[in-house]
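User: Please take me through this model by question and answer. Keep it brisk.

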Amino acid sequence: MNVARFRENLLIYGANLMTWPDDERIAAEALLRDSAEAASVYSEEVGFESMLCQRRYEPPKDDLVERIITAATATCRDGHGDSGGFVAEILAYLGGQRLSFGVVVAAVAVILIVGFVIGYVNQLQGQTVNVTDLMFDYTGEIL
């Protein structure tokens, strides 16, 4: 047995060597006699399991619910929570709600104008154009 296999068995079977299968236990005991690294790993595992055994359940304090609610509402007041929805967060991220709102309105207006122009030009030419094809597969022949 090597140290890597010993660590793996510690994870599988725990630090109590008596619970290990006989052949694995015998090999582990021999490794512990011969390897300082294995002995160090084993002592750490024994200490860890001992700490876990001593740990007891501690019920939450009575004010846990109030602390959670206070923390959640403080987050909303700080502007990091849901204070207007997804669009408000995007607008705030873009650098201020008024400036960003104007930019969004302008972008929507430009998109609508381009759409109407494309539709009007196609109507004059008597052609029907699939807007998806125009957006993604435009090669210059349609207009």
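User: Is R7 buried, partly exposed or exposed, and at what relative accessibility?

Analyst: This is a predicted model, so local features need pLDDT of at least 70 and side-chain atom pairs count only at pLDDT 80 or more, while totals for chains, interfaces and linings use all residues. Side-chain values use heavy atoms, without hydrogens and water, and residues are numbered from 1 along each chain as its sequence is written. Buried means under 20% relative accessible area, exposed over 50%, and partly exposed in between (1.4 Å probe, protein chains only). R7 therefore counts as partly exposed, at 40%.

User: Which residue meets R7 in a salt bridge?

Analyst: A salt bridge needs a side-chain nitrogen of Lys or Arg within 4 Å of a carboxyl oxygen of Asp or Glu. The N to O distance here is 3.4 Å. R7 lies in helix α1 and its partner in helix α3, so the pair ties together parts that are 30 residues apart in sequence. Helices are DSSP runs (H or I, at least four residues), strands likewise (E, at least two), numbered from the N terminus. The partner is partly exposed, with a relative accessible area of 45%; it is E37.

User: How far from E45 is the nearest side chain of opposite charge?

Analyst: E45 lies in helix α3, residues 36-54. Lys and Arg count as positive, Asp and Glu as negative; His and the chain ends are not counted. E45 is buried yet has no salt bridge. The nearest opposite charge is on R7, at 8.9 Å.

User: Which residues does E45 touch, leaving aside those up to four places away in sequence?

Analyst: Contact means heavy atoms within 4.5 Å. By that cut-off, and with the sequence neighbours left out, E45 touches L10 and A15.

User: Which residues make up the largest nonpolar core?

Analyst: Such a core is a set of buried Ala, Val, Leu, Ile, Met, Phe, Trp, Tyr and Cys residues joined through side-chain atoms within 4.5 Å. The largest one has ten residues: V3, F6, L10, L17, W20, A28, L31, L32, A38 and V41. At least two residues of this core come from each of α1 (3-13), α2 (22-34) and α3.

User: Which residues does F6 touch, not counting those up to four places away in sequence?

Analyst: F6 is one of the core residues. Its contacts are M1, W20, A28, L31, L32, A38, V41 and Y42.

User: Which residues are linked with R5 in a network of salt bridges?

Analyst: R5 and E24 meet at 3.2 Å, N to O. That pair joins distant parts of the chain, helix α1 and helix α2, 19 residues apart. R5 is partly exposed at 32% relative accessibility, whereas E24 is buried at 16%. The network links R5 with E8 and E24.

User: How many salt bridges does a search of the whole structure find?

Analyst: R67 also forms one with D63, the closest N and O atoms being 3.5 Å apart. R67 is partly exposed at 46%, and D63 is partly exposed at 36%. The search of the whole structure finds six.

User: What is the area of the nonpolar surface patch that includes V108?

Analyst: Patches use residues with over 30% relative accessible area and no salt bridge; like charges are joined within 9 Å, nonpolar side chains (Val, Leu, Ile, Met, Phe, Trp, Tyr) within 5 Å. V108 lies in helix α6, residues 97-125, and is partly exposed at 44%. Areas come from the Shrake-Rupley method with a 1.4 Å probe; for residues, only the protein chains shown count as cover. V104, V108, L112 and F116 make a patch of about 380 Å².

User: How many helices does the protein chain have?

Analyst: Along the sequence the pattern is α-α-α-α-α-α-α. There are zero strands, and the helices number seven.
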